[in-house]
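Open the model in a viewer and keep the selection panel at hand. The stops below go from whole chains to single residues.

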Amino acid sequence: MVENRPFRDFMAYLTLVIGVILVAFPVYLAIMASTFDTATIINGNMPLTPGDQTLENYSRALFYGGKTAREPVMGMMINSMIVALGIAFGKILISILSAYAVVYFRFPFRRTAFWVIFITLMLPVEVRIYPTYKIVADLGLLDTYSGLILPLIASATGTLLFRQFFMTIPEELLEASKIDGAGAFRFFKDTLLPLSMTTIAALFVIQFIYGWNQYLWPLLITTKSSMQTIVIGIKKMITTTDALTEWNIAMTTAVLAMVPPVLVVIFMQRLFVKGLVETEK
Amino acid sequence: MAGVTLDTVRKIYAGNVEAVKGVSLGIEDGSFCVLVGPSGCGKSTLLRMIAGLETISDGEVKIGDRVVNQVEPADRDIAMVFQNYALYPHMTVYDNMAYGLKNRGTPKDEIEKRVKEAARILAIESFLTRKPRQLSGGQRQRVAMGRAIVRKPQVFLFDEPLSNLDAKLRVQMRVEIKRLQKALGVTSIYVTHDQVEAMTLSDKLVVMSGGQIEQVGTPSDVYRRPETRFVATFIGSPPMNILPGKVEGPGRVSVGGQVITVTDMRDGLTPGSAIEVGLRPEDVQAGGAGSSSLSMDVDFVEELGATQLFHGKVAGADFVVQASTGQIPAETRRLTLSVDPANVHLFDPQTTRRLGKA
């Protein structure tokens, strides 16, 4: 038992509160900023209590966009959603299948295959960005959803996560399936997939946020404003050459950009934690 | 129904490790065959080869009249019960039992009929909608057996199915397995390292060691007439005492200078040559001064309730005597043991084989 010591408790809470403030204050500021007009923010005297421009800001951002970008945030959100979901599901599909192959099939160079996948962990998108760009451009995938999604799908992280999980599943389950007349596909569909649900959920949360927050890759391959994602949209709103930055709209967009990941985390939190912590027996 | 025939079956793993070294065995239709031996003796590998979970390196496995070397496990018409039960954790008890039938395309009402029937036999009807993790070890064990029964297979295979249960439940399930097998009359092959399970369950007992069969017989054959020293010391608890001895003449051997007579002794052994004398702890009597007697120095006594085990030395070798409690005073330091000539087992020190009458 931990002893009850008021001073220690106080210090612990104090530290935690300071940490929370450090993280949460900028977010709070963004939310507040999304409730004022441009002038209030620009003159540097923005109050810390909500203003009265909330509805105007959000409807303008969603359906009209900033003065310079002129691209409704709604469209960007749809783009981001398609890309994030595409990356998340694509990664899950690719990594669960490759982990299945690596764990359950004996084929020549199985180990090599695993290590090659493992090594790609050290090569993030940024490192291989030029060749990847070249390939995507040659395939004519610039400014397409496929171009945004496909290069980000290959995932060593997911493969590793599923591999670790598959290794905890007793060998006898596979053998019992064999005797019960289930082939490789049936075993995957009837046993492995249902058992992997929590791992899939965990991976989905991670990869959805990863996909949603992609910046460099969409920046490189999208030129049409109708294809841009919300993260790019924010960036474009902030850098204006000849007009004042519309901070209120930029902040509104930033707040809108936070909503889907937050919702995903909130609704999948239970499964997510289970997937990372627990291995179901 | 079908018997199982093994013809010089071998298993050679990568790196030339021979786990099973040419085993030939006939298991009659409807009989209960137990493979017993210490860990690593190849008994599980042999069972898994019959199941089709391991490839057969050499030799032939027949189920009924069909050679099954190249047949998939699902098509061998067998059912297997695993040590850790291997129930599908995400399926209900009903689905666990129905899964194999579903994959075979059995009609739904037939599946239901068979599952219900198996559940009734095993008294698990009230758990059918539960998941395996909501069940106790004994209940899971029943579900695993139910999964085997619904298939109505030619052969049941059991891979140490009771090892994960506590001692009391193990005894109970042992009896149930035996009863079930007798009722269903399905050929069964059962692997265990527990010699009590082996003795009580089997019609045919197969003792294995080092990838080979040491002896095949009924449990009482194997107990009464062990063919090798390994079998003699492996079957029976506490294990048989082995004493160094010398051949004195026909039907006579000596241990530490004391001569005992033997009924089952091979003719023509050279007097003076070394021989190993096996005596079961339960076969020697304290007291009495017959023609065959040995003296024993007692070191300590183990109390087992109904019986007592006297540990000590005879002719310099460790020796254990089992006696009913109260028969010998516990403080006895020196015992005179009388030996029934019919209960003496003789083994060749070199080959370790039995030196009984041909």
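This is a predicted model: local features need pLDDT of at least 70, side-chain atom pairs count only at pLDDT 80 or more; totals for chains, interfaces and linings use all residues.

Residues are numbered from 1 along each chain as its sequence is written, chains are lettered from A and ligands numbered from 1 in the order in which they are written, and side-chain values use heavy atoms, with hydrogens and water left out.

**Chain A**

Select chain A and colour by secondary structure: there are 14 helices and zero strands. Helices (H or I, at least four residues) and strands (E, at least two) are DSSP runs, numbered from the N terminus. The radius of gyration of chain A, 24 Å, is well over the 19 Å that the globule rule gives for 281 residues, so the chain is more spread out than a compact globule. That radius is taken over C-alpha atoms, and the rule is 2.2 Å times the number of residues to the power 0.38. The C-alpha trace spans about 75 × 65 × 30 Å along its principal axes.

Next, show the surface of chain A. Chain A exposes about 15700 Å², with 71% supplied by carbon and sulfur atoms; the areas come from the Shrake-Rupley method with a 1.4 Å probe, and for residues only the protein chains shown count as cover. Of the 281 residues in chain A, 41% are buried. Buried means under 20% relative accessible area, exposed over 50%, and partly exposed in between (1.4 Å probe, protein chains only).

**Chain B**

Switch to chain B, which has eight helices and 20 strands. Its C-alpha trace spans about 75 × 45 × 35 Å along the principal axes. Buried residues account for 52% of the 358 in chain B. On a surface of about 15300 Å², carbon and sulfur atoms hold 49%.

**The cores**

Now select Tyr104(A), Phe166(A), Ile230(A), Leu6(B), Leu46(B), Leu157(B) and Ile189(B): these have the most contacts inside the largest nonpolar core, which has 82 residues. Such a core is a set of buried Ala, Val, Leu, Ile, Met, Phe, Trp, Tyr and Cys residues joined through side-chain atoms within 4.5 Å. Helix α4 (residues 73-104) of chain A gives the largest share of this core, eleven residues. Apart from this core lies another, of 44 residues, including Tyr85(B), Leu87(B), Met97(B) and Ala198(B).

Centre on Leu46(B). Which residues does Leu46(B) touch, not counting those up to four places away in sequence? They are Leu6(B), Val9(B), Val20(B), Val23(B), Leu35(B) and Met208(B), where contact means heavy atoms within 4.5 Å.

**Helix α9 of chain A**

Select residues 171-179 of chain A, helix α9; its buried residues are Leu173(A), Leu174(A), Glu175(A), Ala176(A), Ser177(A) and Ile179(A). They pack against α4 and α10 (184-195) of chain A, together with α1 (43-51), β6 (78-81) and α4 (137-150) of chain B. After α9(A) comes Gly181(A), whose phi is positive, near 80 degrees.

**Phe230(B)**

Last, go to helix α8 (residues 229-234) of chain B, where Phe230(B) is found. Phe230(B) is partly exposed, at 24% relative accessibility. Leaving out residues up to four places away in sequence, Phe230(B) touches Pro38(B), Val207(B), Met208(B), Ser209(B) and Glu214(B).
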